[in-house]
Each structure stands twice: as structure tokens, then as C-alpha cells.
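Please keep the sequence and the 3D view at hand while reading.

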Amino acid sequence: MKADAPGAVLKRERVRDFILDLVESHRPGDAIPSERSLCARLGVSRPTLRAAVDELVAAGLLVREHGRGMFVAPEKITQELVSGQQAMTAPQASGTWSSRLLEFTTIPAGARVGRKLRLSPAAEIVYVARLRLVDGAPMAIEHLHIRADLVPTLSTRELEAGDLYEHLREQHGVHVQEAVQAIEPTVVTRAEAELLDVPELSPALLFERLTSDTMGQPVEYVHSIYRGDRYRIVSRLTLAPSATALPARLGHHPGIPPGDFAHRDTIASSTRGDIQSAP
């Protein structure tokens, strides 16, 4: 697998990761460097940096104050939908899912992704950006960060067709078992809007997921943007033990490709993603 020169998608991703690292290493209310300083440090243009900052401001992670600068936003209130002790199955989402590869390269993990995957910042990861489509219509943009040592022969075909987790299991001997996933509202940037065929700043859902194998070792970190006008989340809550469990079905889970999860009896928690027609 060859590490290609970074493209536009990867450049935006690296700028975003750098600023997120600043946010995560500071306290709410702390100032972060100016746009001019960040541009010089990262070697990017003002529009590229501003696009990343605007995205994080819209997501509620940064606060921009006129004449004062940029500050880390107040902490968000977290509401857990399902208790970690509650075992539930993950139903599939409807429609026929496919993928179009946007970028595929090998790069250093960097500080933020390295922490998530328990890797040195210099350790190599496979970075993948792909457009997810349902019945041919763009639905989501996925950014995958996979430990390179686990998938030395990962191919373009595996990323564009079939079930990625099934490919990991059968072609690379990687068995995923557990995922911790967060979902929150956001809006799409101009670049994301063009790919998803929606207006800029349209509502969207941000999925962040860390997937581990049967030994508890992180395998991949993924963040995805799903169209807010075509995607919704429904939680199925079990209030009492059931005598019969619902059969697991193969398919795409919200933010989670089908695979080992679909072959397990239960996972810690689940949400259901249903495709709606736009009004």
C-alpha cells in the first residue's frame, strides 16, 4: 500500500484534527492561537483553516468572539440513552448501501488519533475517506483511521464493495467485537455539502466511533457525517427481560458497517438508523 500525496480531503482532515487536539488539551474558556498563527504553523491557507474553525464553531466545540479571538466552548451535557448494562441488538438500516472512495493512503497517526488507537503519533495508520450512498443517493461521508499493521494488504476493492468488517475478518484476521459510539447534531461544511448534494450548513448527524477487537485492542477510529434530512435515529429500549431475542439481521447499522456486530447475539447499546424521503 503506497502513501500518496495528501489531497484536499486529507488536508482539511489534518487541520481539523490539529484544532481538535488543541480543544481537547485545553479547558473550557481557554483561548486558542489566532487564525494567522495557526495558518503559519500548519502551512495552510486562511480559507482552509477558517473552514475547519467554522465547522468546529458550528459543532459547539469552539466559540469565536469578535475582537477577542477563539475560545474552547463550554462542556456539553452528555445524556446516555441506554445503560451500559442493557444488552440490545442492532437492527439494520433500509436501502442498498454502496461506497465511493475519495481518498486512500497511509499516514502517521498524529497525536489525537494516536491516543485513540493507543499508538505512537509516528505509527502508521490507513486513512480512508469514502462517500456512502443509499440506492445511489449520497448519504454520508466516512473518515476511517485503521491501524496499518493490522491491514497491510487492504485493497481498494474491499473499501468500495461488500462489508468492510467482513473483509477485515476474512482477509486480515481482524475480529471486531465492541464499539463505543457517540452521536451529536452538526451542520455540513461547503465541501461536505457538495459531496452530499445538500445546501451548505444543512443539518447533519456526526458519528464518532472507536472499535476494538476481541482482545480489547483498538482497531479503528471513525467519524462520519450523515445527512440530517434523510437520516434519523430511533432507540429501541427494553424495559424488562424478554423470553425470545430478536434474530440478528445483516445490513448497515447507523454509523456502523455490517460485520462482526451482526454475527454477535448482543452489543452494549444500539440505535436504529432509518432512511426517510426528503420532504
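## Helix 2 against helix 3

The model is a predicted one. In it, the crossing of helix 2 and helix 3 is right-handed. Helix 2 covers residues 35-42 and helix 3 covers residues 46-58. Their axes come within 10 Å and cross at roughly 115°. Because of this angle, helix 2 counts as roughly perpendicular to helix 3.

On the helix 2 side, the residues that meet helix 3 are E35, R36, L38, C39 and L42. Their partners in helix 3 are R46, L49, R50 and V53. Sorted by class, this contact has five nonpolar and four charged residues, and no polar ones.

## Helix 1 against helix 3

Helix 3 also packs with helix 1, at an angle of about 55° and with the axes 9 Å apart. That angle is why helix 1 is described as oblique to helix 3. The crossing of helix 1 and helix 3 is right-handed.

Helix 1 brings K11, V15, R16, I19 and L20 to this contact, while helix 3 brings T48, L49, A52, V53, E55 and L56. Seven residues of the contact of helix 1 with helix 3 are nonpolar, one is polar and three are charged. L49 and V53 of helix 3 are among the residues that touch helix 1, and L49 and V53 also meet helix 2.

## Helix 1 against helix 4

Helix 4 spans residues 110-117, and its axis comes within 8 Å of the axis of helix 1, with a crossing of roughly 70°. Helix 1 and helix 4 are therefore roughly perpendicular to each other.

From helix 1, the contact uses R14, R16, D17, L20, D21 and E24. From helix 4, it uses G110, A111, R112, V113 and R115. The contact of helix 1 with helix 4 divides into three nonpolar, one polar and seven charged residues.

## Cavities

How many cavities of 30 Å³ or more does a search of the whole structure find? The search finds two. The largest cavity holds about 200 Å³ of space.

The lining of the largest cavity consists of 17 residues. Those nearest its centre are R12, E55, H143, T189 and E192. Helix 1 (8-25), helix 3, strand 6 (137-147), helix 7 (190-196) and strand 9 (218-227) each supply at least two lining residues. By class, the lining has eight nonpolar, four polar and five charged residues. E55 is listed both in this lining and in the contact of helix 3 with helix 1.

Notes. Residues are numbered from 1 along each chain as its sequence is written. This is a predicted model: local features need pLDDT of at least 70, side-chain atom pairs count only at pLDDT 80 or more; totals for chains, interfaces and linings use all residues. Side-chain values use heavy atoms; hydrogens and water are left out. Axes are lines fitted to C-alpha atoms, for helices over the stretch in contact, and angles run from 0 to 180 degrees between N-to-C directions. Helices (H or I, at least four residues) and strands (E, at least two) are DSSP runs, numbered from the N terminus. Angles under 35 degrees count as roughly parallel, over 145 as roughly antiparallel, 65 to 115 as roughly perpendicular and the rest as oblique. A crossing is left-handed if the near helix is turned anticlockwise from the far one by less than a right angle, and right-handed if clockwise. Contact means heavy atoms within 4.5 Å. Ala, Val, Leu, Ile, Met, Phe, Trp, Tyr, Cys and Pro count as nonpolar, Asp, Glu, Lys and Arg as charged, and the others, Gly among them, as polar. On a 1 Å grid over the protein atoms alone, a cavity is a set of points where a 1.4 Å probe fits but cannot get out, and a pocket is an open set with protein on both sides within 12 Å along at least five of seven lines; lining residues have an atom within 4 Å of a point. Grid points are joined across faces, edges and corners, and a volume is the space filled by probe spheres set on the points.
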